[in-house]
Amino acid sequence: MDQLALLFVLLLGALLSVPVGDRFGLPSPVLMTLLGGALAVADFVPDVNIPPELILPALLPPLLYAAVRRTSWRQFAANRRPIFLLAVALVFVTMACVAFVANAIVPGLPLAAAVALGALIAPPDPVAATAVAGQLGLPRRLVSILEGEGLFNDVTAIVLYHVAIAAAVSGEFSPWRAGLDLVLSAVVAVAVGLALGWGANKLMDLLGDATLQIGLTLLVPYVSYVVAEELHGSGVLAVLTTALFLAEYATDADDVMTRLAGHTFWDIVDTLVTGVAFGLIGLELHNAIRTASGRWGELLGWAAAVVGVVVVVRLLWLLPATWLTKRLHARRDYDEEIPVSWRETVVMWWSGMRGVASVALVLAVPLKTDDGSPFPDRDEMVFIAFGVIIATLVLQGLTLPWLVRRLGVRADSEREKEFEKELAVRAAKAARRRLREIEQVEELPEELAEQMMRRAFDIGIRISPDIGEEERQQRVRSLKRVRRIQGEMMSAARHEVLAARSEPGADPEIVDRVLRHLDVRSLR
């Protein structure tokens, strides 16, 4: 098997892991990691030779962009305090504790290298957190906090990692320079993200066509990441800023085609890239296995100690941080989403899985220092990092569904239904309001005006059938009949147009264009 065939195996596995995971109640990223691990120990599978410096730029931008599409700036703003406590403060605390323990138990490991090890395993993976937690029906407030933590903690960790690696390679370290680098990295990233977001928004208006606009959204996160990194900013923060800007300002309510096609396109990209990313984590196990040759007991002991530090520090930090957030939340009028019970805090604690970023950073540790000597204890750092990644991702990922069920942490379905009903009512009222505005300008026949008013009411019923009581029952029955008949009519129309594809002289491009219009019409 060559590397191209291995890539196709991972892509196929990414697709199959979704229904298999749904069938057995297991997260698909964990299944892909196990698949990659199984392939890593197979004799017929080649070693993966991806330059470490390309892993983050190749995988993170589309994954971050897809994750941001599921959230909004308001959620980040509302959760700014818990996100700060998790994404910034907890990264510093975890890094410091891991560095202290690693420096104490690994003979000859310099403090700068220990700090680099702590920085690269401190941030929980944004993709793992959202992919695993999002499938478990958790309360939206928990998913929002986990998404915010996962998306922003890489910014802090990657900057700290680069500072520590520079100190280990050169033998020099300045805390003032490190702090300045962190601030400048954030400022440059936000500036690049906003500039590219604004430019991409204008370019989308110029392109017009849905296919070209969606293609642009695939390029934008890569451009944002690369430009920010070239200017010594945070590529991760730049992608987040660009994605949030486009989510806020590049959405046209009437651009149905782009929205439908874009949603489907990014679901596909997210599924495939996530599968490949976690498959690569499993495949990279050969690095750890090669390192541990003849030293399994010693290295496993070190890795277990660091895993314990990572897991315990997160719990000990979350308990007071959650309590503090609740106290501040109760005293002030903040629209903030926080854990409301110890059960939700436990679920947040057990959701701290490491993943793609940690793998890329540990593989990118230099082989030599500036004076030409080998980087101190690099092999040991690789093994410990992989021990933490596999333990948190596989162990926690496999047991998190059981823990959620055991603790009974579930989304408030009644609240979600009420909000859906509220939006349905608002949509129907907006449609009726617009109809009255049209009646003031145009003279509509009474029969047409009444028909349009019924359709405005039906808009709300299509979204939430719970609107109304007596009238609702009658209208729902009538609407179901209309939708059934209309569905059969649209099906006949689609079959007729599709049959024209096989007729002599038929232009398939025109047939597909007409079929696309019918598909969009069927979803209205």
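1. Among contacts in the protein chain between residues at least 6 apart in sequence, what percentage join residues at least 24 apart? The figure is 79%. Keep in mind that this is a predicted model.

2. The secondary structure is quickly told. The protein chain has 21 helices and 0 strands.

3. Next, burial and surface. The protein chain holds 524 residues, and 47% of them are buried. The chain exposes about 26,700 Å². Carbon and sulfur atoms supply 61% of that area.

4. The crossing of helix 9 with helix 11 is right-handed.

5. Which residues meet there? From helix 9 come Ala186, Ala189, Val190, Val192, Gly193, Leu194, Leu196, Gly197, Trp198, Ala200 and Asn201. Helix 11 brings Leu237, Ala238, Thr241, Thr242, Phe245, Leu246 and Tyr249. Sorted by class, this contact has 13 nonpolar and 5 polar residues.

6. His162 sits in helix 8, which spans residues 140–170. Is His162 buried, partly exposed or exposed? His162 counts as partly exposed because its relative accessibility is 45%, and that class lies between the buried limit of under 20% and the exposed limit of over 50%.

7. Finally, a pair involving His162. His162 and Leu120 are 42 residues apart along the chain. Their C-alpha atoms are separated by 9.6 Å.

Notes:
Residues are numbered from 1 along each chain as its sequence is written. This is a predicted model: local features need pLDDT of at least 70, side-chain atom pairs count only at pLDDT 80 or more; totals for chains, interfaces and linings use all residues. Side-chain values use heavy atoms; hydrogens and water are left out. Helices (H or I, at least four residues) and strands (E, at least two) are DSSP runs, numbered from the N terminus. Buried means under 20% relative accessible area, exposed over 50%, partly exposed in between (1.4 Å probe, protein chains only). Contact means heavy atoms within 4.5 Å. Accessible areas come from the Shrake-Rupley method with a 1.4 Å probe; for residues, only the protein chains shown count as cover. A crossing is left-handed if the near helix is turned anticlockwise from the far one by less than a right angle, and right-handed if clockwise. Ala, Val, Leu, Ile, Met, Phe, Trp, Tyr, Cys and Pro count as nonpolar, Asp, Glu, Lys and Arg as charged, and the others, Gly among them, as polar.
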